Amino acid sequence: LGVTGAVTANAGVVVDNITIDGTEIDLSSGNLTLDVAGQLVINSDSGQVVLQDDTVNWGNLQNSSGDFIIGSLGADKDIIFQGLDGSSTIEAMRIDMSEGGRVGIGATTVDRQLHLEADNSTSYSSSDFDQAYNLLKIENNNTTNNVATGLQFLVGTNGSASITTTRTGDGEASLCFGTRGGGSRAERMRITSDGKVGIGTTA
């Protein structure tokens with residue numbers, strides 16, 4: 001079908017496939033809805049999907065040698081994760097590009113590489129002490145094997161580090177502090193589950 005002018009089909013057009021000999025699909029007003037029964041596949045041979053607002057690039061989805069890149073293309077513009085807590089919109093996490101990519105959880109102003117901030121407006125009962133005052137919880141919920149849960153802090157160069165780790169053994173949990181130097185680690189202090197403190201000894 002060769003048509004030199006515009007084709008109007010108010011009842012719709014049914015085709016098997018569409019090949020566009022051009023670069024754009026334009027909608028003069030309103031929203032555009034893509035309603036598919038299965039998956040919606042975007043196949044870009046360049047491996048890149050660019051998001052624009054009035055010809056200004058603001059977002060980028062890209063395949064880089066198999067790595068999935070999510071990019072904010074505006075200078076100093078953040079990547080923000082939002083959701084609904086009940087009916088209220090909350091900010092769950094922010095990656096602050098104006099601060100070198102620092103990550104904030106519960107913090108809209110991010111001033112550390114990882115900034116955790118509590119909502120002090122929430123009221124907690126005395127039984128919820130850990131929720132009210134502890135911003136970070138690291139837990140190994142393995143109840144069948146004695147598997148260690150570790151938290152490591154690297155504090156220097158050339159392999160030097162201090163290590164804080166909680167270990168599970170013989171049904172008891174201890175909080176252990178150690179140092180690392182010359183490629184080897186050594187435990188320096190331990191707080192046992194019954195509150196005893198050992199320095200230079202594991203017993």
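## A starting point: salt bridges

A salt bridge is a side-chain nitrogen of Lys or Arg within 4 Å of a carboxyl oxygen of Asp or Glu. In this predicted model, Asp111 and Arg112 give an example, with their side chains meeting at 3.8 Å, N to O. Asp111 counts as partly exposed at 38% relative accessibility, while Arg112 is exposed, with a relative accessible area of 54%.

## The chain as a whole

Let us step back and look at the whole chain. Following the sequence, the pattern reads β-β-β-β-β-β-β-α-β-β-β-β-β.

How much of the chain is buried? Of the 203 residues, 10% are buried. The accessible surface comes to about 16,700 Å², and carbon and sulfur atoms account for 49% of that surface. Among contacts between residues at least 6 apart in sequence, 2% join residues at least 24 apart.

Now for the pairings themselves. β1 and β2 run antiparallel and are joined by six bridges; here Gln48 has Gln62 in β2 as its bridge partner. Strand β2 (residues 56-64) also pairs with β3 in the antiparallel sense, over six bridges. In that pairing, Gly59 has Ser72 in β3 as its bridge partner.

## Two aspartates with positive phi

Where does Asp54 sit? Asp54 is found in the loop between β1 and β2. The hairpin of these strands has two residues between them, and Asp54 takes a positive phi near 55° there. Asp54 is a residue other than glycine, yet its phi is positive. Its relative accessibility is 67%, so Asp54 counts as exposed.

Asp76 also has a positive phi, of about 60°, although it is not a glycine. This residue belongs to the loop between β3 and β4. With 53% relative accessibility, Asp76 counts as exposed.

## The four-stranded sheet

A further open sheet has four strands in the order β4-β5-β6-β7, and its pairing is mixed. Why is one side of β4 and of β7 left without a neighbour in the sheet? Both β4 (79-85) and β7 (114-116) stand at the edges, and each has a single partner strand, so one side of each has no neighbour in the sheet. The twist in this sheet averages 20° from one strand to the next.

Seven bridges hold the antiparallel pairing of β4 and β5, where Asp85 has Ser88 in β5 as its bridge partner. The hairpin of β4 and β5 has two residues between the strands, and Gly86 takes a positive phi near 70° in it. Moving along the sheet, strand β5 (residues 88-96) pairs with strand β6 (residues 102-105) in the antiparallel sense over three bridges. Arg94 stands opposite Gly104 in β6.

Here is a handy rule for viewing either sheet. In a regular strand the side chains alternate between the two faces of the sheet.

## Back to the salt bridges

How many salt bridges are there? The count comes to five. One of them joins the side chains of Arg94 and Asp78, at 2.8 Å, N to O. Arg94 lies in strand β5 and Asp78 in the loop between β3 and β4, so this pair ties together parts that are 16 residues apart in sequence. Are these residues buried or exposed? Under 20% relative accessible area counts as buried, and Arg94, at 14% relative accessibility, therefore falls in the buried class. Asp78 is partly exposed, with a relative accessible area of 23%.

Another salt bridge joins the side chains of Lys196 and Asp194, at 2.7 Å, N to O. Lys196 counts as exposed at 52% relative accessibility, and Asp194 counts as exposed at 52% too. Elsewhere, salt bridges that share partners join Asp78, Glu91 and Arg94 into one network.

Definitions and conventions. Residues numbered from 1 in each chain as written. Predicted model: local features only at pLDDT ≥ 70, side-chain atom pairs only at ≥ 80, totals over all residues. Heavy atoms only, no water. Buried < 20%, exposed > 50% of the residue type's maximum accessible area, 1.4 Å probe, protein only. Contact = heavy atoms within 4.5 Å. Areas by Shrake-Rupley, 256 points an atom, 1.4 Å probe, with all protein chains shown as cover. Pairing = 2+ DSSP bridges. Axes fitted to C-alpha atoms, helices over the stretch in contact; angles between N-to-C directions.
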